[in-house]
Amino acid sequence: MTIPLIAQIFQDIDEAPHVDRLRVINRQSRGVFAPEGSLDGAHGLLAMSAQLNQIHDKIICRTIWLAEAELKKQGHLPPCAYTFVLFGSGGRSERSALSDQDNGIIYEDLAPERSQDTEQYFKKLGEAIEASLQAIGYPPCAGGVTCGQPAWRGPVAFWTNRLDKWSEAPIWEHARYMLIVADMRPVYGEGRLAAAVSDHFRTCLGGNSALVDAMRENVRYRKPGTGFFGNLLKIRYGEHAGGVEIKYALYIPLVNAVRLLTVVHGIEAISTIERIRQLEGAGILPRPFASLVLQRFAETIGLRAMIAADEWDRRLESSGIVKADRLTKRLQSQVKGCFSTAKKLHQFAQAQVKQMKQDDFP
Amino acid sequence: MDNHRFWPKVLLWSIPLQLGLTPTGVFAAEETTVSSVSAGLDALWVMVSAILVLLMQAGFVLLETGSTRMKNAGHIAGKTIFTVGMCSLVFWFAGYGLIFGAGGNAFVGWGDFLFQPQSADTLPPSVFFLFQLAFAAVSLSIAWGGFAERAKLSAYVLFTLLFTLLVYPVVAHWIWGGGWLSEHGKQDFAGSTVVHLTGAMAALAATLLLKPRIGKYNRDGSPNEIQGHNQVYTTLGVFLLWIGWFGFNAGSTLAVGDGFFGYVAFNTQLATGAGALVAMAASWIWYTKADIPNLLNGTLAGLVAITASCAFVEPWAAVVIGAIGGFLVVVSSRVIERMQIDDPISAISVHGVAGIWGTLSNGLFATPKLAESVGVGQGGFFYTGSFEQLWVQCYGVVSAGCYAFAVSFIILYLMKKAIGLRVTEEQEILGLDLSEHGSYGYPEQIRAEHQKLFGKEQGASV
């Protein structure tokens with residue numbers, strides 16, 4: 001997208017007087033990000049994704065600002081500093097034009113006598129933001145990781161206590177929560193509060209081989225994308241019959257493998273692209289392989305953009321499946337290449353983390 | 001005849017003639033002789049086999065019910081019972097006579113209507129009749145696969161009558177009743193063509209005329225998965241069919257003799273095992289999931305495929321035949337689904353495709369020794385280097401398949417024009433249990449479902 005156009009969208013967002021206007025902008029800007037039927041030019045695909053994610057971030061920030069202003073009108077002022085954080089693809093800045101919301105609120109620790117009022121304020125704010133984002137076109141995540149839920153809203157101590165609890169008893173579910181927090185990124189407010197939680201996350205992880213093992217187990221299985229003979233597994237039934245599963249067979253396995261390596265090696269980057277670059281820089285991913293992973297990940301982002309471009313005008317959540325009629329011979333071969341790299345990376349990450357001894361942890 | 005160690009089905013046409021010439025039955029014999037004991041044992045074995053083949057209907061009940069939805073369960077299970085009952089009467093009335101009646105020609109038998117069994121000093125005609133009837137009923141039950149979940153009850157009634165009179169007896173006469181294909185040397189020991197392909201062709205004709213079930217295909221032609229409601233029923237159904245098949249194949253020796261029935265059963269077991277294994281492996285390798293319906297269909301395909309060849313091939317060949325049958329069913333069921341042919345029980349793949357393969361396999365794997373000893377045709381290509389038997393098999397399978405399909409299609413087409421084949425959309429959605437029989441096979445579950453959908457009041461009124 002041209003700079004003037006994106007600058008115009010940013011300005012529209014900043015000037016949006018209410019949620020309805022944001023919904024319109026969101027819809028209009030989604031349609032702009034429609035890639036051609038090819039995955040060539042990884043750089044272009046990533047640049048497009050970065051712009052789109054800036055728009056998403058801007059919309060979210062404006063939504064929070066509007067929710068805050070609405071509460072102010074009702075006589076409720078923020079009782080303390082807070083930060084609004086994103087998880088999942090939002091946290092990693094990898095949303096496509098179709099995205100759900102996974103988010104939370106971290107606020108300052110306050111004296112016990114103020115905690116009840118503070119809680120009340122952030123309950124109102126969290127619920128208002130979640131509802132507004134839903135109205136704009138971001139349905140709440142199916143797992144319930146949203147600022148409207150008490151489990152994902154609280155003071156710094158609440159978050160750090162939970163991190164302690166999860167890391168001390170690393171059952172499957174706790175490992176999942178830890179992996180969610182690994183992708184946390186502040187988007188609004190006082191970023192230092194999120195940094196405090198992220199620092200604590202890394203402290204919890206230090207030398208905790210049981211937790212690392214639980215996290216590895218948590219992402220051990222991936223949905224296969226190809227059969228025994230390297231054949232693409234097509235969706236057999238339903239409206240997507242003939243299509244190929246991208247989200248769970250390609251995107252999530254890539255993200256999971258990169259995240260796992262990043263987390264155990266103490267790398268702080270959040271976006272998958274930046275994580276791959278840092279893993280390469282640290283010599284954890286061998287150079288030619290890292291370049292390949294980077295290329296394939298950019299293509300995966302392109303595939304996700306394609307899916308969103310096909311679906312943005314008729315659904316809120318992406319099916320994660322690339323349509324049958326998109327699958328030209330060339331695209332099929334590219335997708336196969338992506339699956340093959342995702343499989344190798346997944347096996348590499350699993351094997352490497354499995355072999356790590358306690359002393360290897362940062 | 002009593003010195004034969006077994007009686008291949010292809011020679012069966014001569015049995016009723018002989019029965020007429022030998023009025024002194026085994027039970028009338030005044031003294032026990034070796035031959036009377038032998039005949040008694042043969043009769044007992046065939047009777048047991050007839051019961052085993054009849055038991056296959058229990059397999060069909062479970063297979064078909066398990067593979068379809070809860071709202072049609074009572075209908076699908078119950079209709080098998082009444083169609084077997086009706087088929088028995090029609091077969092007695094004329095079906096048997098149209099196969100084995102002595103006054104017939106190369107096309108159809110004639111005589112023995114309202115069949116009256118006489119006593120005999122060989123295989124009692126009553127036993128032979130029951131055995132043959134059980135086969136006809138199996139063929140009919142295969143055809144129901146194409147009707148499932150949308151055909152009217154009246155269509156079942158009428159088609160039972162017409163199939164048992166006009167379709168099955170003609171093909172059976174051609175191959176087993178002394179018709180034009182029996183002289184041709186076509187090897188179909190227990191009925192890959194006669195029973196399975198005939199039933200499958202009727203199923204194909206039915207499903208083409210009935211059109212797919214509501215919800216099976218989307219507007220763009222992509223298929224939806226309509227899962228069966230009970231995989232355990234389906235599995236038990238397959239297992240009952242497997243057991244019953246020993247009557248079907250090994251019973252087709254019609255004699256205990258020197259134990260050849262054991263060899264036939266042995267080959268049957270090997271082919272079935274191979275079919276199961278390969279179908280599971282194929283779906284595992286291709287779809288990366290060891291899919292249970294594919295595994296079960298492959299097991300049945302192994303059975304269907306070996307049905308024609310069980311007496312003609314060596315054990316290794318039985319394994320190959322069953323394995324290829326198992327593989328073909330996985331591929332063909334997918335192809336048929338993509339052609340927008342709704343085959344709810346995979347009858348066309350399992351009985352049609354595997355039936356064709358099983359029949360053709362004789363042309364490749366039949367050993368000259370076994371062909372000679374059974375007394376039908378000659379060895380297959382791998383033993384003789386000649387395509388002659390394969391051609392005979394091909395010729396037979398195409399003729400029989402075309403006849404069964406064409407006549408079934410005409411019958412069903414006329415029925416469609418005259419009375420309609422399919423229930424209304426509302427009836428189909430509500431379930432055939434209610435529309436055709438007035439009560440659900442699973443009343444509690446369906447009521448709960450309706451309560452969930454429409455609220456308590458409407459739910460209670462269903």
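**Domains, contacts and a strand**

Modeller: Let me start with chain B, where the domain assignment gives domain 1 (9-213 + 228-422) and domain 2 (429-461); please keep in mind that this is a predicted model.

Biologist: How far apart are the C-alpha centres of domain 1 and domain 2 of chain B?

Modeller: The two C-alpha centres are 37 Å apart, and the domains do touch, with 10 residues of domain 1 of chain B in contact with 11 residues of domain 2 of chain B.

Biologist: Which helix gives the largest share of the domain 1 side there?

Modeller: That is helix 3 (residues 73-100) of chain B, which supplies five residues to the side of domain 1 that touches domain 2. Sorted by class, that side of domain 1 of chain B has four nonpolar, four polar and two charged residues.

Biologist: And between the chains, how many residues of chain B are in contact with chain A?

Modeller: Nine residues of chain B are in contact with 10 residues of chain A, and the chain B side of that contact consists of four nonpolar residues, four polar ones and one charged.

Biologist: Switching to chain A, how many helices and strands does it have?

Modeller: Chain A contains 13 helices and six strands, and its C-alpha atoms fill a box of roughly 65 × 50 × 40 Å along the principal axes.

Biologist: Now strand 1 of chain A: which way do its residues point?

Modeller: A:Tyr82, A:Phe84 and A:Leu86 point one way, whereas A:Thr83 and A:Val85 point the other way, and all of them are buried. Strand 1 (residues 82-86) of chain A is accordingly described as mostly covered, with five of its five residues buried.

Biologist: Which strands does strand 1 of chain A pair with?

Modeller: Strand 1 of chain A pairs with strand 2 (residues 103-107) of chain A in the antiparallel sense over five bridges, and four bridges join strand 1 to strand 4 (residues 185-189) of chain A, also running antiparallel.

Biologist: What are the bridge partners of A:Phe84 in those strands?

Modeller: The partner of A:Phe84 in strand 2 of chain A is A:Ile105, while in strand 4 of chain A the partner is A:Tyr188.

Technical notes: Residues numbered from 1 in each chain as written. Chains lettered and ligands numbered in written order. Predicted model: local features only at pLDDT ≥ 70, side-chain atom pairs only at ≥ 80, totals over all residues. Contact = placed C-beta atoms within 7 Å. Nonpolar A, V, L, I, M, F, W, Y, C, P; charged D, E, K, R; others polar. Domains from an automatic or database assignment. Helix = DSSP H or I, 4+ residues; strand = E, 2+ residues; numbered from the N terminus. Buried ≥ 20, exposed ≤ 12 C-beta atoms within 10 Å, placed from the backbone. Pairing = 2+ DSSP bridges.
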